[in-house]
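Please open the model in your viewer and keep the sequence panel beside it.

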Amino acid sequence: MMLLVHGIPVILGFVMSFYEFPSLRYTDWFRPETFVGLDHFMKVFQKNTIYGAQFWNSLKVTILYTVGSVIGTYVLGLVTALTLDKQFRGKLVARTVILIPYVTPVVVTLLTWRMMFRSDTGVINALLRQAGLIEGSLFWLLGPNSLYAIIIANVWRNFPYAAIMLYAGLQSVPEQLYEAAEIDGAGRWGKLRYVTLPQLKPVSAVILLLLILWTFINFPVPYILLGGSPSESGNVLMLLIYSFGFKQSAYGIGSALSAMLFLFSMTIAYVYYKRVVASSYDGGAV
């Protein structure tokens, strides 16, 4: 089943990246005269081609989207985990409530965000106007603000995962370390810097690597919010691949981009395995 669902499509995608497709008829595919070798990859990497210009812009947008989403998700998750680690009334309810963005179906969540981001009737613009931060209406799903829109929605979607993982990590921090730090004169920030964050390093490494991988290849968030024809500021690589492969019928170019994205993702996965998983079996040595 894994071979049928994942293996064969991946292999076929790599093969398609070396061919040109003159028509949509299957009988025209993979003819000897349609083999172009590395031509699609060369077009993508050359900035003076239409494909290359779009690729480099999408790569920059994807990196910004990934960095913003990962930092926002981790920071918000860490703040939430530190809050949950304290004793207060309703703690069990709070732990349940923060899971709502993560367990709610992704389409429902993103369609709700899309309505909230509307320039005319969206609640976000209404709140900003009431706070006196803006006078008119901002276009969140068009223009330069589209990048901020997908980052905000992605952070909201994934921060509960980071929060629960970090909260679980906090439960394993020995209380004696905090007591020793307090005896040494460490305050709240000193305990966070010299005790909490170092003790959370293994968990944080797993969270950050997974968030980077998930965000870089994320398709639902930008597609549902921005559609298949986004502004340049929101045109991440996954949307560019979708546009080439399914809207412009440039299957060879789309396959070449998919192959490069696959190799990058597998590299990240390999680094994650070697740096985190494999090191746990040899006593922590890297």
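Throughout this tour, a residue is called buried if its relative accessible area is under 20%, exposed if that area is over 50%, and partly exposed in between, with a 1.4 Å probe and protein chains only. The model is predicted, so local features need pLDDT of at least 70 and side-chain atom pairs count only at pLDDT 80 or more, while totals for chains, interfaces and linings use all residues. Residues are numbered from 1 along each chain as its sequence is written, and side-chain values use heavy atoms, with hydrogens and water left out.

**Select the whole protein.** Along its principal axes the C-alpha trace spans about 75 × 60 × 35 Å. If you colour by secondary structure, you will find 14 helices and zero strands, where helices (H or I, at least four residues) and strands (E, at least two) are DSSP runs numbered from the N terminus. Of the 286 residues, 41% count as buried. The protein exposes about 16,600 Å², of which carbon and sulfur atoms supply 67%; such areas come from the Shrake-Rupley method with a 1.4 Å probe. With contact meaning heavy atoms within 4.5 Å, 63% of the contacts between residues at least 6 apart in sequence join residues at least 24 apart.

**Select residues 59–272.** UniProt, in an unreviewed entry, places the feature "domain: ABC transmembrane type-1" on this span; its annotations may be inferred rather than shown by experiment, feature names are shortened, and positions are given in the numbering used here. The span is 74% helix and 0% strand, and its end C-alpha atoms lie 21 Å apart.

Residues 63–84 are 100% helix, with end C-alpha atoms 31 Å apart, and residues 96–117 are 77% helix, with end C-alpha atoms 26 Å apart.

**Show the aromatic side chains.** How many aromatic pairs does a search of the whole structure find? The search finds 18, given that rings of Phe, Tyr and Trp (its six-membered ring) pair if their centres lie within 6.5 Å, with planes under 30 degrees apart counted as stacked, over 60 as edge-to-face and the rest as tilted. Begin with Phe45 and Phe55, whose ring centres are 5.9 Å apart and whose planes stand at 70°, so the pair is edge-to-face. This pair links distant parts of the chain, 10 residues apart, with Phe45 in helix H2 (residues 39–45) and Phe55 in helix H3 (residues 50–84). Phe45 is partly exposed, at a relative accessible area of 43%, whereas Phe55 is buried, at 6%.

Phe219 sits in the loop between helix H11 (201–216) and helix H12 (220–226), and Tyr242, 23 residues away, lies in helix H13 (residues 237–247). Phe219 is partly exposed, with a relative accessible area of 24%, and Tyr242 is partly exposed too, with 21%. Then select Trp113, Phe117, Trp140, Trp156 and Phe159, which ring pairs link into a cluster.

**Finish at Ser58.** Leaving aside its neighbours within four places in sequence, Ser58 is in contact with Asn235, Val236, Leu237 and Leu240.
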